[in-house]
Structures are given as C-alpha cells and as structure tokens.
Amino acid sequence: MEQPEDHGDRTTIYRREDTLPEGAQEEFGHYMVVIGGAGLGRRLRLDSEPITIGRDPSCELALSSPDVSRRHCRLQLVAGEVFVTDLRSTNGTYVDGKRIEDSTLLPDGSILEIGQQVLKHERRSTREIKEAQDLDRDLEKARNYVLSLLPSPIVTGTVQAEWFIVPSAKVGGDAFGYGALDNDRFAIYLIDVSGHGVGAAMLSVSILNVLRQLALPGTDFGRPGDVLTRLNQMFQMEHHNGMFFTIWYGVYNRLEHMMVYSSGGHHPAFLVSADRKQLSPLATKGPLIGVMDEAPFPEAQVRVQPGTSLHIFSDGVFEIGDKQGRQLGLSDFLPLLNQPAVEGRSEPQRLYQTVRNTARPGPLDDDFSYLVIKFA
Amino acid sequence: MNKPLEIEVTYTANIARVKLRGRLDTPGVDRVEAKFTAAVVPEGRNTVVDLSEVSFIASMGLRMFIGLAKALKRNNAKLVLFAPQSQVNEIFNTVVMREIMPIVVDEAEAVRFAAT
C-alpha cells in the first residue's frame, strides 16, 4: 500500500489507562454526597469512626439549618455496611422518603434527608471518585460561565431588576437578560430550553449570546414579534439536536409607560400591582420556538403603572411535586405573589424559599429561574 | 413514589393505538421513547395516543411527541393525541401544541383525524 507523504507533523493520541495493573486491588469507600441544600456537591468519606450530623459545631458534619437538631443523626460503618441512627431529632431522619425509628441500613444509592439537607450514599472506588471530581470541576466551570452571562441586578433608577436562579443539575437550560435598547426602551427576556443539563445549557448560551449582542440581522429588537420570528427561523430543532425552547420577550417604553410583549410557548409573565392585590397575566399565543418552519408570533401591549413589578419565571418554579406527592401547577403558585415581602430577602429569594419549603426534599425537578423588574 | 411510566401498543388495521400511563417527565420519556418510536415510525403507521392516564407532561414529553409527529409526517403518517387530563391540557394550551399536532377529546375522533 502506498504510504502518505510524510510532512513531518504528527499527532499522537495517548489513551489514559482505565484499567488497574494485573493483581492490583481497587480501593472502595463509602461516601455521602450532598445533592440538596447547602454545600451542593460536597463529598464526605465514611471511615471506621462514626460521623454525627447536626447543628452543633462539634458534629463531624455541622449544618446550620434551623430544621436540623443539635445532634440529629449518626452514620456508622458496620461490617462494610452503612447504618444511620436517628438521635431523637425533632424533625426526623428519612431514608428513601421514610422516617426511621431505629438504626437503619443505608444501601448504596439511598437518599438520606435531614431537614432541607439531602445526601446520597455512594460506594465508589477511589478512581471513580477522582473521575467524578474531575467531571464536577468541569461542570462547575460551565456553570460559572453560564452565570457570568447573566446581567447584574439593577438597584437604582426607574427600572430595577433582581433575580434568582438555581439549576436542577449542575448547569441548566434556563437563561435571561435585560438591558436598554436606547434611551427610552428597555428589553427583558427569559428563555427555557427543553430538558436540562449540559446539552440544554449549550443551546441556552447560544440563544443568550444572540440576544445580548443584538445579533439578529435585520431585526428590530424593540419589536418582540420580530425577534421571536427570527429566533424561530434561526433555531429550528432539526439543526439543534432536537431541542426547542420557550421564551417571553418584552420591551418597556419609559416615556410612554407601555410594555409590548410576545411569548413563544411560554406561560404568562405577571404584572403585580404595588399593593400586591392585582395580578395581570401577560401572554400571547405564539408556539414553541424551533418547532414550526413558519409561525406567527403576535404581540400585545399593556400600560405599566408606577410601582408595578413584572415577574417572569421558568416553569420549574411552579411545576413541582409537594411533600404529599401532589403535582403542583401555576394556579398553586400564583397566590404566593400576593404575599408580603420578607425583609432581608429579594422577592425572587422569598419565592424560592417558599417553593423550596413546599417541595418534596431533594433538588427541584427543573431549573428555578426568577426575574423581577420593578418600575418606579 | 410515582409508578414508572407504562406504554401499551395495540394495532388495528393501519392504526397504532398507544396507551400511556404515568408521568411523562424525563425518566418516563427515557423509559418509553425507544419502544414508542420502534412501534410506529418504521412502518409509518397513523398513530393515536391515549393520554387519559397521563398525569403530567414535562418539556421532554412534548419533545418526544413533536419528534414522533415529525418522523411520522416524513413517512406520510399522522400522530393524534386524545383525552388529555386538565393539567396536561393546560400545558398544551400554553405551548400552543394544537398548532403542531391534533389533540382531540376521544378515541373515535382521534381515529377519524388519523384516517383523513
């Protein structure tokens, strides 16, 4: 066979060894991984010494949450198995959703719930742990990149903005933005890509960069219908790994105190009156973005009274399972908007905490993204 | 704990009838999508889907139906959904799903839609 001409350039790919040398034994350990609550992703190794979990600083795993007792429960390795014992805690210790009474086996993969704190038991080799830690570091970088694209809160001026976002996985498919188009007009949007995780995040970053840079040729970013029509042409699902997205897009005119808006498959945003008694849904009948070749995206407009707040959020805010196993929806969530502010918390943080207290333990099912725009 | 999503496929003449039971969330879709696709797409069967026992649909469930409808359309066949529960129907209304595929009240109407 004729050999290709050698130009002197060579690329050598080394395969990382993924098998141990013959005769070597992998070392396995038991780990508790935080999958919900404070310290997400933290990994704690269980050794021969018992580990006490509680609010008391002397505990091996000290949690500051008020629903955790001073000495809440104890984990102990016995004959290679992990057992958990409740130490007469006030709010109980749960294994796979069941409150335990006595010392209880914690099988590999089981979920331990202590108040809002959720930990998963994993039996892993040191090599698997290192791989998981490497992956976690990469995901953390991806998460930080996505967060770096989100705008800073606005705390002064006639239009103020605050937000709160919690992806259900390490990175999520939600994104949002806002900013002045010119002296008079201010654009606001929130997008929610189908699914969640890295794939959804990559598409949401693409869309976000298009909107941040006003990079839709021939499009008036002051016309929500035009923006959604153009996004629909640009992000057809066949060309984006079968993913589509929903969007709510509005433009506020500071001089006229009018908001023009359009939605693509997204539930309504809500204008909340200054006294919090009136909620006005803002939605139009545009379809999901990227599904239909040609689709109409009608616009609507509304007068914005001074003191009003605009609430825009993803469906992960209200599509949650509660502690009783019921599936909640938008109508269950809306009454929370009428409730008073909580000092020391932004409105999105107040709503997240309320949703979190209602939801079953563990990470929420979907990304939680919440944006509030206040009109002075 | 919710029961895993179940799928049941039966065939009559040139129509596939698919019954789903449970939650059409990400784990549910992961569980049934391959079987659903294999049962109806290769032969390009007109397909009616009974949603009367589907309690919830997430974006991955919508994505599964949209993908199937597009694949069937390429094979000159239709996907028709019927009897969604109110919570699922509310989501269909929000995403304007009826612009994308027919969603009707009962099986008889679904079969009529699929056959025309």
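In chain A, strand S17 (residues 269-272) runs antiparallel to strand S20, with 3 bridges between them, where strands are DSSP runs (E) of at least two residues, numbered from the N terminus, and two strands pair if DSSP finds at least two bridges between them. This is a predicted model, in which local features need pLDDT of at least 70, side-chain atom pairs count only at pLDDT 80 or more, and totals for chains, interfaces and linings use all residues. Residues are numbered from 1 along each chain as its sequence is written, while chains are lettered from A and ligands numbered from 1 in the order in which they are written.

S20(A) also pairs in the antiparallel sense with strand S21 (residues 368-375) of chain A, over 5 bridges. Ser309(A) takes part in both pairings, for its bridge partner is Val272(A) on one side and Lys374(A) in S21(A) on the other. Strand S20 (residues 309-313) of chain A is largely enclosed by the rest of the structure, because 4 of its 5 residues are buried, that is, 20 or more other C-beta atoms, placed from the backbone, lie within 10 Å of their own.

The confidence of the predictor in each residue is given as pLDDT, from 0 to 100. Chain A has a mean pLDDT of 88, and 93% of its residues reach 70 or more. Over residues 1-20 of chain A, however, the pLDDT is below 50, and beyond near neighbours in sequence this stretch has 1 contact in the model, a contact being two residues whose C-beta atoms, placed from the backbone, lie within 7 Å. Where pLDDT is low, the predicted coordinates should not be read in detail.

Methods
Buried ≥ 20, exposed ≤ 12 C-beta atoms within 10 Å, placed from the backbone.
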